[in-house]
Amino acid sequence: MFRSRYSFYVLLLIGTITLGLLGLFSQHGRAFDDLPSEDKTPQPSYATDLNTLTSNILSTSDIPERTEIPAPDKDPCLHCHIQGEFSNIWTPFGRWFLFGSMGLFFIFGVYRSASVWKNKTPWKPILHRAAEWVDIRYELSEPLSKALNKPVPKYATRWFYCLGGITGFLFVVQGISGIMLAFYYNPTIEAAYSSILYIETQVSFGSAVRFIHHWSANGMILMCIAHMMRVFIMGAYKTPRELNWISGVLLLILTLAFGFTGYLLPWDQRAFWATTVGSEIAGSIPVIGELALVFLRVGWNVTGQTLSRFYALHILVLPIFTLILMALHFMMIRRQGVARPM
Amino acid sequence: MVEEEKKKDDTIPFYPDHIRTEFYVTLGVFVLILVVGLVGLLTPLGLGQPADPMVTPEHIKPEWYFLSLYQLLKFIPKTTGAVAPILALLLLLAWPFIDHKPDKTKQTYRNRLILSVTVLILLVGLTIWGELS
């Protein structure tokens, strides 16, 4: 029966397709709109009797009338009309999920038994198999175990060594919540304000996501400063870690730039005037000031162009630079190890 | 790479010990963020009036992390105020090359602690002043 290695899978596939086709073309579960018209006429039935019974007992008017449900002996799909069952999308979905997972479990069991019977070897857990499959092809286990078994000095588990990691995690949170906001945000002067209002009032959990984005941005700046102070006080920037310090300062600048560009996006009075004043300060830098101002505002005033530019900076340019610098920052820590305190 | 050539009992393996610690910290921050989200559900952040270039509001304040600079600008000339943060950042970038001698005693720790806390108190003081004024 199992002449080649794949015949079992072929059989499995044929069986599944047959079962699926049987299910597809069977009469079971067909809507009774297709039935002859005399069946559709309301008639006294078990269902309506039960309805009147329940309404008598509960004496509430919010139980919907179910006169359209035929009598049990004429019901083409009896189990669809179990009294009191919710008839929304989740009921069939849950049924499919339950019986589907049971079926998958059964198929998996059959496959497993067949495999043990054929190979005469004990069954290896499916995750081991997957890991082996990948390892045979890409030879990852050696470098991976080398990376995972790298010793970490014990002092690096003290609490003040986790500030940088928290900053990194908050950046991930910012990325995810930012993507969620970007689905609904509209960077034009006509729609920016109203799209934020829409997020606040209409989108499910929109106000929570915006709240998280706002406060974890503040937390990220706080954590940056705390991490920087820790490194500064402990002198962890000294040889050979100068470049790590420099990349860290650049990341701080990028974080502040995130804050500055993100502040304009709601396009309310505070955002508009904070950006106006902020870019004015940038404009008073000698020599390059005017250039900076025109670059930030795209012209001499804060307009819709400014909003577009800040949005592009906020969601495209700054994240790319931040990710590159973060990767360098982490790789340098990895390579040089956490600085040894005195 | 000097740190690696230490005795075995001074170190813990990266996996699972260190990863576990990091995981717990991350989990803690994550729970905190969920709580923050719950607060956000109950009390949304809200929005001010829509932007109007014709109407200048009386009190313009930047976010708190720019507030100290903003407060400083009220007392020093604008050009100086614009150049000062750039110089400060350049100083920060160049700091490892200015203070490059290896630490010999704990005294250097204390000196840097005093220096950084002084700068921090100055900045926080300016921020609070700016918030109140």
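Of the 342 residues in chain A, 24% are buried. The model is a predicted one. Chain A contains 12 helices and 1 strand, and its contact with chain B draws on 63 residues from chain A and 58 residues from chain B.

**Architecture of chain A**
- Read from the N terminus, the elements of chain A follow the order α-α-α-α-α-β-α-α-α-α-α-α-α.
- When contacts in chain A between residues at least 6 apart in sequence are considered, 66% of them join residues at least 24 apart.

**The side of chain B that touches chain A**
- Chain B contributes 58 residues to the contact.
- At least two residues of this side come from each of β1 (11-13), α1 (14-42), α2 (64-72), α3 (78-98) and α4 (107-132) of chain B.
- The element that gives the most is α1(B), with 14 residues.
- By residue class, the side of chain B that touches chain A comprises 34 nonpolar, 14 polar and 10 charged residues.

**Strand pairing between the chains**
- Strand β1 of chain A, residues 151-153, pairs with β1(B).
- The two strands run in the antiparallel sense, and 3 bridges link them.
- Pro151(A) has Pro13(B) as its bridge partner in β1(B).
- β1(B) is also among the elements that each supply at least two residues of the side of chain B that touches chain A.

Terms used. Residues numbered from 1 in each chain as written. Chains lettered and ligands numbered in written order. Predicted model: local features only at pLDDT ≥ 70, side-chain atom pairs only at ≥ 80, totals over all residues. Contact = placed C-beta atoms within 7 Å. Helix = DSSP H or I, 4+ residues; strand = E, 2+ residues; numbered from the N terminus. Nonpolar A, V, L, I, M, F, W, Y, C, P; charged D, E, K, R; others polar. Pairing = 2+ DSSP bridges. Buried ≥ 20, exposed ≤ 12 C-beta atoms within 10 Å, placed from the backbone.
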